Each structure stands twice: as C-alpha cells, then as structure tokens.
Amino acid sequence: LIGFCCGRIILTTSDKKDKVLRLFVTGFLLLAVGYLLTDAWPLNKRIWSPTFVLVSCGTGTLLLATLMFIIDVQGQRGRWQTFFHVFGVNPLFLYVVSELAAIVLDSLQAKAPIYQALEAVTVNPYLASLAYAVLFMGVMGALGYPLYKKKIYIKL
C-alpha cells in the first residue's frame, strides 16, 4: 500500500522537483515514525513488524527520491544506471528466481558453508551477512543482465 501511494505521488504530480520533494518528505516521515515506534514494537524483519515496514519503506522511498533527483531533475545519466535497469525491467521474475534459489540453497544445505567462508574472510558476522546478501544479489543481477541486454521482459 505504501508503494501504491508513492506511485500515486509519481503519477499525479506533474512538476519533477515537487514530485521528488513529496517523495523525500514521505520517505523521511515513514523512516522517522518507524524509528520512533521501535520502543513499542521492535524492528523485526522476520515477522514484518510495523516498524520494519515503516523503516524499510521509508528507506526505499528516500532511495527512489534520490535517484529521481539525480536522474530526472539533474539529468545525470550514464552506465551506472544499468544496475537499476537490470532489476527494474524484470523485477517479479528475478524475485521469484531469488526465492527459488534460496529454497534450493537451503535444501542442499549450501547456504551455511558459503556464509562460513565469508565469515572467515570478513571476521565479522555482520559483514559476512552483508557480503552474502551482496553476493546473492550479484548472482541475481548476473542472471538478469542477459535478459536486459536482449530486451527480454518476462511478465508473470
């Protein structure tokens, strides 16, 4: 629902600067309320607590507003955008593939050895977790890149 509301801001606001400003304000408010409520409801991804939803949606909205400001308002375009295009043209397909890959890794019990190897390299469990997430996202991007280059858009 929050994404729908942000999409509505994008579609109904004609001025680019006003659109970005509204998204920045929305993202900031979501993030602030999410963090302010963490004493009452802990931030918990596993159960999608209200605070987790507000914080993650606020962060996503701020990222979207930042990218829209850089690309649409300032007009900065370049190869750096390819990363976002790869995930943006086939988002649902890549999400489904990532979920299937996670299930396969869990069933083959391959996730733990990968994570342990990353933990041995980084020496920090939090950095190992981040490295695993970035590596996993990189693999998904590598799967989506050929589809992007060939202009293949998979709709599920």
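Reply: Helices (H or I, at least four residues) are DSSP runs, numbered from the N terminus. Ser98 lies in one of them, helix 5 (residues 91-107). This is a predicted model, in which local features need pLDDT of at least 70 and side-chain atom pairs count only at pLDDT 80 or more, while totals for chains, interfaces and linings use all residues. Residues are numbered from 1 along each chain as its sequence is written, and side-chain values use heavy atoms, with hydrogens and water left out.

Me: Why does Ser98 count as buried?

Reply: Buried means under 20% relative accessible area (1.4 Å probe, protein chains only). Ser98 has 13% relative accessibility and therefore counts as buried.

Me: Which residues does Ser98 touch, not counting residues up to four places away in sequence?

Reply: Contact requires heavy atoms within 4.5 Å. On that criterion, Ser98 touches Phe136 and Met140.

Me: What makes up the largest nonpolar core?

Reply: A nonpolar core is a set of buried Ala, Val, Leu, Ile, Met, Phe, Trp, Tyr and Cys residues joined through side-chain atoms within 4.5 Å. The largest has six residues: Cys6, Ile9, Val20, Leu23, Ala65 and Met68. Helices 1, 2 and 3 each supply at least two residues of this core.

Technical notes. Buried means under 20% relative accessible area, exposed over 50%, partly exposed in between (1.4 Å probe, protein chains only).
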